[in-house]
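Here is a report on the model shown below.

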2 protein chains.
Amino acid sequence: MSILSQSDLANRRDNLTVRLRELKADAFLILALPNVHYLGGFTGSNGALLLTGDRSLLFTDPRYQTQVSQESDCDVKIAKGPLITEVASWIKRLRLKAVAFEQNRISFDEHCQVHAALPAVRLKPVSGAVERLRMVKSETEIGTIRASVHLNSAALEQALRQFKPDMSELDLAAEIDYRMRILGADGTAFDTIVASGSRTALPHAHPTGHSIRGNQLLLVDMGARVAGYCSDMTRTHAVGKLNPKTRRMYRAVLESQLAAIEALKPGATCASVDRAARQVLRGYGMDKLFIHSTGHGLGLEIHEAPRVGRKDGTRLERGMAITIEPGVYLEGVGGIRIEDTVIVTETGCEILTPTGKELVVL
Amino acid sequence: MSILSQSDLANRRDNLTVRLRELKADAFLILALPNVHYLGGFTGSNGALLLTGDRSLLFTDPRYQTQVSQESDCDVKIAKGPLITEVASWIKRLRLKAVAFEQNRISFDEHCQVHAALPAVRLKPVSGAVERLRMVKSETEIGTIRASVHLNSAALEQALRQFKPDMSELDLAAEIDYRMRILGADGTAFDTIVASGSRTALPHAHPTGHSIRGNQLLLVDMGARVAGYCSDMTRTHAVGKLNPKTRRMYRAVLESQLAAIEALKPGATCASVDRAARQVLRGYGMDKLFIHSTGHGLGLEIHEAPRVGRKDGTRLERGMAITIEPGVYLEGVGGIRIEDTVIVTETGCEILTPTGKELVVL
């Protein structure tokens, strides 16, 4: 089921548990499902990991008994009740004295439960330890993201061949999702966005029953999941003729996107890439219409570290997978966004998305 | 966008804030997105509510500025950074002294941040307050769930008309999801499960490229989201001929499902309904093969309170929406599950799912 070998998984866990000494902890408790997937290979909807360096315990419930044994090389513990109770009993059984946990991935309540069950155990909050490991992708992961990106672009191309004026946003979204599945995706990476006319001014519009009419914008933001890995692409099309003002907006966003891509290289900060995108829009007097970040990491989750935003000082590294997606939005008029998935390389970046970015008229 | 009137939303908030006096708190902090949706009408992916009884503050980021004003009647605050920082500054500004929060929906980290910013404010953990309100559905909500269930059944019927032996699990799943979208669903309520042959023994199988072959089982577990509300249905079909042992398994699960439905009425506990399902399977010597709960509540989320399991003492009330889905799983052989969505009525329950449950041979 998994595309990973057992040694890949063991290496990932070693990269984490090597930090236990510095944290003065005997074990790492992992509750975030994408991190359980990344470190343990398990893709079910209920799981937890307890990693001591010597032992890797994976907790799930009876529904996943067969699946987990196919997917994971860990020592599996099937819990009949809440996993956190079973985890606490194993912390006791293994006589662990200090356990590091993911402070932004455990609920206040789960933390209280472990603390109440084991008052003598020191619980050590750690932030983003697994997320930092996940930022830099292996060759296998990059290959899978590439497959996801290519499938996504093929799905858009096939779906647009079915496009007819006055088709509803919902019907086009249905067509897109269908093509992804037929091409072999696990599913979509997020709810497909299809917005037309003035609804393109909503950055996260849900598709509606509205007809896609002529002489308007059509924005599509879509991503596939392939072998667990996400892709993400936005294209804004013209249905018929656009007025000069809207065409100028398109040019501004495209230049902004190209400038951000140009700024991408190992050592550059995320904030500097974001700045490059904003600077171009400022030249067009449109920087105030750009109301979100320039991009984000992606992988097992659609939004991962780093965030390509004003305040993120993360320095880019070879092997990071991120999106570049500036956009401008004018309420009541419309919005334009152009987004690619890219990989940071030794000297700059590789744009994985094969779909063209010149304005397409449908 | 929302199917709810402003007074519906205000009533929901009143039903929650009426509890503030008993909790000795000045305000309720709501961070769980489905609860923000339920109480504030907002469907975006980043939101928080602070409810004082007099004031309803809804926090989100600039991407949702236009959408939130269309969806919500609350006093909207657009935050440029993390919402929790903005929430803390408003707790201070409103001079709140004690704030109730959802203990199982706030992360350890967010709790620390609020506490560090406002050391003098008492933070009061509360469990499942909004979830308890959401258990009993209004007439409008039941109408929407009914629409979701009917759409889901229509999608299965249409997809099965396209079924051909040797079709892959993935292609059937694609067909199902497509039909849902074309019929007007927002999307799927969860990743559609299509499993055939011995893979039906995995309760949560992902569809694969495997062909669906003759003389085997075919299990489909699917749900739609319509106007935000989920449906959930499982049917197990025969592709060609099944052996007598498998047919006996089917009969056992169907009787078990009918017995659970028979046991459903206001005042009965969830545990008693679960027991009714298990008892039938015990008669067949198959109770050990039933490795999950009998069902779960559903609504804005696919899994909500109550849990129809061994240990849930919740008493059923008129207006609850739950699934009834016993199943048996034999590793290496196969699994059978039959699931309907039902509403608890004054005297028993109404099965919303119109799809037949006799074994269908494809």
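## Strand 1 of chain A and its partners

Strand 1 of chain A and strand 2 (residues 48-51) of chain A run antiparallel, joined by 3 bridges. In this pairing Phe28(A) stands opposite Leu51(A) of strand 2. The model is a predicted one.

Strand 1 of chain A also pairs with strand 5 (residues 98-102) of chain A. Here the two run parallel, and again 3 bridges join them. Leu29(A) faces Phe101(A) of strand 5 across this pairing, standing opposite to it.

In a regular strand, side chains alternate between the two faces of the sheet. Which residues cover the faces of strand 1 (residues 27-30) of chain A? Ala27(A) and Leu29(A) lie on one side, Phe28(A) and Ile30(A) on the other. All four are buried, so both faces of the strand are covered, with buried meaning under 20% relative accessible area.

## A three-stranded sheet in chain B

Chain B holds an open sheet of 3 strands, in the order 8-9-12, with antiparallel pairing. Strand 8 (193-196) and strand 12 (233-239) of chain B stand at the edges. Each has a single partner strand, so one side of each is left without a neighbour in the sheet. On average, neighbouring strands of this sheet are turned by 15° against each other, direction ignored.

Strand 8 of chain B pairs with strand 9 (residues 216-222) of chain B over 4 bridges, in the antiparallel sense. Within this pair, Ala195(B) stands opposite Leu219(B) of strand 9.

Helices pack here too. Helix 8 (residues 139-161) of chain B packs on the sheet and touches strand 9 and strand 12 of chain B. The direction of helix 8 makes about 20° with that of strand 12 of chain B. Helix 9 (residues 169-182) of chain B lies across strand 8 and strand 9 of chain B. Against strand 8 of chain B, helix 9 runs at about 150°.

## A mostly covered helix

How many of the 8 residues of helix 3 (residues 33-40) of chain B are buried? The count is 6, and the helix is mostly covered. The buried residues are Pro34(B), Asn35(B), Val36(B), Tyr38(B), Leu39(B) and Gly40(B). Just after helix 3 of chain B comes Gly41(B), with a positive phi of about 80°.

## Where the chains meet

The size of an interface is often given as the accessible area lost when the parts come together. Between chain A and chain B, the buried area is about 3600 Å². Carbon and sulfur atoms give 57% of that area. Which three residues supply more than any other three of the area that chain A buries against chain B? They are Arg63(A), Phe108(A) and Arg181(A), which together supply 21%.

The contact takes 40 residues from chain A and 40 residues from chain B. Across the interface of the two chains there are 4 salt bridges. Arg181(A) forms a salt bridge with Asp177(B), and the closest N and O atoms are 2.5 Å apart. Between chain A and chain B, 15 residue pairs are in polar contact.

## Backbone geometry

| Residue | Phi | Location | Relative accessible area |
|---|---|---|---|
| Arg95(A) | about 50° | loop between helix 5 (83-93) and strand 5 of chain A | 69% |

Cis peptide bonds occur in each chain. In chain A, the bond from Ala305(A) to Pro306(A) is cis, with omega near -5°. Pro306(A) is found in strand 14 (residues 304-308) of chain A. In chain B, the bond from Ala305(B) to Pro306(B) is cis, with omega near -5°. Pro306(B) is found in strand 14 (residues 304-308) of chain B.

Terms used. Residues are numbered from 1 along each chain as its sequence is written. Chains are lettered from A and ligands numbered from 1 in the order in which they are written. This is a predicted model: local features need pLDDT of at least 70, side-chain atom pairs count only at pLDDT 80 or more; totals for chains, interfaces and linings use all residues. Side-chain values use heavy atoms; hydrogens and water are left out. Two strands pair if DSSP finds at least two bridges between them. Axes are lines fitted to C-alpha atoms, for helices over the stretch in contact, and angles run from 0 to 180 degrees between N-to-C directions. Contact means heavy atoms within 4.5 Å. Buried means under 20% relative accessible area, exposed over 50%, partly exposed in between (1.4 Å probe, protein chains only). Buried area is the accessible area (1.4 Å probe) that two parts lose on being put together, summed over both. A salt bridge is a side-chain nitrogen of Lys or Arg within 4 Å of a carboxyl oxygen of Asp or Glu. A polar contact is a pair of N or O atoms within 3.5 Å; within protein, one must be able to donate a hydrogen and the other to accept it, and residues adjacent in sequence count only if both atoms are side-chain atoms.
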